[in-house]
Amino acid sequence: MKKRSCSCAKNTIPYQNFAAFCFVSHIIPHDATYLAQLLKSSIEKCQQEFGVKISSVVTDNASNMVAMRNNIAADETVVLHCYGCNAHFANLAAKDISNLPDFKRCISKIIPVIKHLRNKHQESAMLRERGMTRPPLPCETRWSSMKETLTYFKSHWSEIANLLNETLKSNDPVLRTMEDIQLKRSATEILDILDPIASALDKFQRDDCFLGECLEIWRELGEESPSQFQDIISNRSKAAITPAMMAANLLDHRFCGKNLMPVEVSAAMDYLKSLSPEIIPEVDSKLMCDEPIAAWIIVVVVVILVLIVGVLLIVGWKAYIVIQEKKEYKAFMKAQEGEMRAKGDNPLFENANTEVAFNPNYKG
């Protein structure tokens, strides 16, 4: 009998040992203390194996991970920037909004329609024949998937309704759902609310998005979100904006902490002081960044410059015309003086030099 085995990392573990390993892993509580120890040992192993210095760690925002980050921050023996994923925070904010009773009711009606289109062979084939893609389903681990589902439902509302009219009976619950025009309006309303969050998600996930910029994105998201959802966005942004992010925003030459509140500036300075007190004087000098020039001042200056340049061009053109006219007038007067001739004497006239003899045979 062939011995069964399971692969784990680079090593092959016998089946019995692997089962015991899984059982032990399952019974060990993944609480904050265990995760903090696991993080420290993993960092130490990576630093020794690869010869690198690990200075920051990003995690998701599950409750045990948040508690682990707090434990790491409270441990004075560990110098580590540990913060939560901002894209995950934004996704959680979108999920909070989607779970509101009215929106949840709307989404619970749309999903059966999407599943019907995906799972029924006839409907799937008809979608392909009509040049439509397969409808996406919301997925917990695929961020912005809810927005994609609602966008598909809204964009192809009439096509879906016509297709289901051809394939379903009049009393089918899926078809009756599509007859509810209010459902489309609700989907549109949810999309309008999720659009700013989806835009923020795209910015968070850019390759060139730095930690200091994340604070600016949260501020923009708070301003763009409807007032009735400000509390949800505010709660998530407060959890996302850490002293490390405030310090990064303060040191970023693009922002210089302009959007930080006094309390946040103080928290950022305390954070930097705890890491490296010797850089505080340099940071204080950076706080003296020149205030950005107001947009209206730039507009006024540009308009004035355009007017000045325009006036100078007009004056220059006028001067050029006057000089040319004077030159032409002088040339004309000079030509007149050189052509002095008698009055009535046409220089083009020439006397006739041809003589015509009379015909001697002519008798008048």
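Buried sides, cores and ring pairs

Modeller: Perhaps we can begin with helix α5, whose buried residues are F103, C106, I107, I110, V113, I114, H116 and L117. Please keep in mind throughout that this is a predicted model.

Biologist: Okay, what do those buried residues of α5 pack against?

Modeller: They pack against α4, which covers residues 86–98, and also against α6, α7, α8, α9 and α10.

Biologist: And how far apart are the end C-alpha atoms of α5?

Modeller: They are 27 Å apart, which agrees with the 27 Å that the 19 residues of α5 should span at 1.5 Å a residue.

Biologist: Let me step back for a second. How many helices and strands does the chain have?

Modeller: The chain has 16 helices and four strands. It is 364 residues in length, and buried residues make up 30% of them. Its accessible surface comes to about 25400 Å², with 57% of that belonging to carbon and sulfur atoms.

Biologist: What share of the contacts between residues at least 6 apart join residues at least 24 apart in sequence?

Modeller: That share is 61%, taken among the contacts in the chain between residues at least 6 apart in sequence.

Biologist: Now the inside. Which residues have the most contacts in the largest nonpolar core?

Modeller: Those are F153 and L164, in a core that has 64 residues. Helix α10, which runs over residues 181–204, gives the most to this core, with 10 residues. Apart from this core lies another one, of nine residues, including L35, L39, I43 and M68. As a general background, nonpolar side chains tend to be buried together in soluble globular proteins.

Biologist: What does L164 touch?

Modeller: If residues up to four places away in sequence are not counted, L164 touches V113, H116, L117, E123, V174, L175 and M178.

Biologist: Which residues of α8 are buried, then?

Modeller: In helix α8, which covers residues 157–167, the buried ones are W157, I160, A161, L163 and L164. They lie on the same side of α8, because they cover an arc of only 165° around the axis. These buried residues pack against α5, α6, α7, α9 and α10.

Biologist: Switching topic: how many aromatic pairs does a search of the whole structure find?

Modeller: The search finds four aromatic pairs. One of them is formed by F103 and F229, and this pair is tilted, with 5.9 Å centre to centre and 35° between the planes. F103 is in helix α5 and F229 in the loop between α11 and α12, so that the pair links distant parts of the chain, 126 residues apart.

Biologist: Are F103 and F229 buried or exposed?

Modeller: Both F103 and F229 are buried. Another aromatic pair is formed by F204 and W218, which is also tilted, with 5.3 Å centre to centre and 45° between the planes. This pair links helix α10, where F204 lies, with helix α11, where W218 lies, and the two residues are 14 apart. Both F204 and W218 are buried as well.

Biologist: Back to F103 for a moment. How far is its C-alpha atom from that of E189?

Modeller: The C-alpha atoms of E189 and F103 are separated by 9.1 Å, although the two residues are 86 apart along the chain. E189 is found in helix α10, and it is partly exposed, with a relative accessible area of 42%.

Biologist: And α14, which of its residues are buried?

Modeller: The buried residues of α14 are E264, A268, M269, Y271 and L272. They cover an arc of only 160° around the axis, which puts them on the same side of α14. On the other side, P262, V263, D270, K273 and S274 are exposed.

Biologist: What about the loop between α13 and α14, where is C256 and what is its phi?

Modeller: C256 is found in that loop, and it has a positive phi of about 50° although it is not a glycine. C256 is buried, with a relative accessible area of 12%.

Biologist: Why does D252 count as buried?

Modeller: D252 counts as buried because its relative accessibility is 12%, and buried means under 20%. D252 is found in the loop between α13 and α14, and its C-alpha atom is separated by 8.3 Å from that of E213, 39 residues apart along the chain.

How values were computed
Residues are numbered from 1 along each chain as its sequence is written. This is a predicted model: local features need pLDDT of at least 70, side-chain atom pairs count only at pLDDT 80 or more; totals for chains, interfaces and linings use all residues. Side-chain values use heavy atoms; hydrogens and water are left out. Buried means under 20% relative accessible area, exposed over 50%, partly exposed in between (1.4 Å probe, protein chains only). Contact means heavy atoms within 4.5 Å. Accessible areas come from the Shrake-Rupley method with a 1.4 Å probe; for residues, only the protein chains shown count as cover. The arc is that of the directions from the helix axis to the C-beta atoms. A nonpolar core is a set of buried Ala, Val, Leu, Ile, Met, Phe, Trp, Tyr and Cys residues joined through side-chain atoms within 4.5 Å. Rings of Phe, Tyr and Trp (its six-membered ring) pair if their centres lie within 6.5 Å; planes under 30 degrees apart count as stacked, over 60 as edge-to-face and the rest as tilted. The expected span of a helix is 1.5 Å times one less than its number of residues.
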